[in-house]
Amino acid sequence: MTEPLLEVRDLVRDYVLPRRRLFAAAPRLRALDGVSFRIEAGRSFGIVGESGCGKSTLARTVLALERPSAGNVLVRGQDLFALKASELRALRRHLQIIFQDPYGSLDPRQRIGRIVAEPLAMTTQGKNRAERRSRVAEVLKAVGLTAADAGKYPHEFSGGQRQRIAIARALITHPALIVADEPVSALDVSVQAQVLNLMTDLQEKFGLTYLFISHDLSVVRCVTDEVAVMYLGRIVEQGPTPRVFANPRHPYTQALLAAIPRPEPGRRRTAAPAAPKIELPARGGCPFAPRCPKVEARCRDEVPLLRPVEADRTAACHFA
């Protein structure tokens, strides 16, 4: 087996919550609980789940913007959190991110050329001004804009064009891995399709690897090769995207897919069970047990492990 581009091993991230009483011990919230996966170069890996399941925390930790409480993140075999500051800075050119809000992620006081070229300055690349201008023009053209757009400001563009600018900024360092955190959720449906097609074309052209994070299963189904479903900081099901969508094995995945609206006459949409309030980790048992329609006594007492259910597929359910 070849070495993966990105490998996440048993990632844990705890947050300290405000004290409920004076002199009481500060409670902790576990946002990530033993998350593990690997992505081969040139592939697209999707992370799906409801709001609050830990998707964005995972994205920030993978990019070394947050330090985990435990676990490792390896990029091309190098542990990000074992590197010196200078070594991590040099490695950052291979890691880029596309944010959810295409306007909030762009400085409204700066011209597009400076915004797109900013990663070059942060990673000490392209010190020559002429070289920076040339590379900015190159990536703007790659995302369907023109070199003349470098002199404009973000407010002069539509939402879809702003997200193209954000993609251009991510491309300018020729990264190996791009983390796309809800990259189309703030766009109209027609514009979403254009941006997703653009990302697919860029992947084929530049050999990019995507970690695609979204709560929209229909989007993930279109653009990813493999998908992991998260619930309360844990991966509860993982496998090739077509097979997971065709035959989900975990009750949570089944509920998510059943809730997708489909234009089928006579079909009634099934809503997923209501999410519980955010609480501290349970003492034991399956975290999905309070919402699961198939719950049994064993589920409330024994935590299900993520185990193989068929070739290339895993699920954390006693009855998967």
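Me: Which residues do ring pairs link into a cluster?
Reply: A quick word first: this is a predicted model, where local features need pLDDT of at least 70, side-chain atom pairs count only at pLDDT 80 or more, and totals for chains, interfaces and linings use all residues. Residues are numbered from 1 along each chain as its sequence is written, and side-chain values use heavy atoms, with hydrogens and water left out. Rings of Phe, Tyr and Trp (its six-membered ring) pair if their centres lie within 6.5 Å; planes under 30 degrees apart are stacked, over 60 edge-to-face, and the rest tilted. The cluster joined by such pairs is Y231, Y252 and F288.

Me: How many aromatic pairs does that rule give, and what are the distance and angle for Y231 and Y252?
Reply: The count comes to four aromatic pairs. Y231 and Y252 make a tilted one, at 4.8 Å centre to centre and 55° between the planes.

Me: Why does the pair of Y231 and Y252 tie together parts apart in sequence?
Reply: Helices (H or I, at least four residues) and strands (E, at least two) are DSSP runs, numbered from the N terminus. Y231 is in strand β9 (residues 226-231) and Y252 in helix α9 (residues 251-258), so the parts tied together are 21 residues apart in sequence.

Me: Why is the pair of Y231 and F288 called edge-to-face?
Reply: Their ring centres are 5.2 Å apart and the planes sit at 85°, so this pair is edge-to-face.

Me: Are Y231 and F288 buried or exposed?
Reply: Buried means under 20% relative accessible area, exposed over 50%, and partly exposed in between (1.4 Å probe, protein chains only). On that scale, both Y231 and F288 are buried.

Me: Which residues is Q163 in contact with, leaving aside neighbours within four places in sequence?
Reply: Q163 sits in helix α5 (residues 159-171) and is buried, at a relative accessible area of 0%. Contact means heavy atoms within 4.5 Å. With that cut-off, the partners of Q163 are I98, F99, Q100, P102, P183, L187 and V195.

Me: How far is the backbone oxygen of F99 from a polar atom of the Q163 side chain?
Reply: A polar contact is a pair of N or O atoms within 3.5 Å; within protein, one must be able to donate a hydrogen and the other to accept it, and residues adjacent in sequence count only if both atoms are side-chain atoms. For F99 and Q163 the distance is 3.2 Å.
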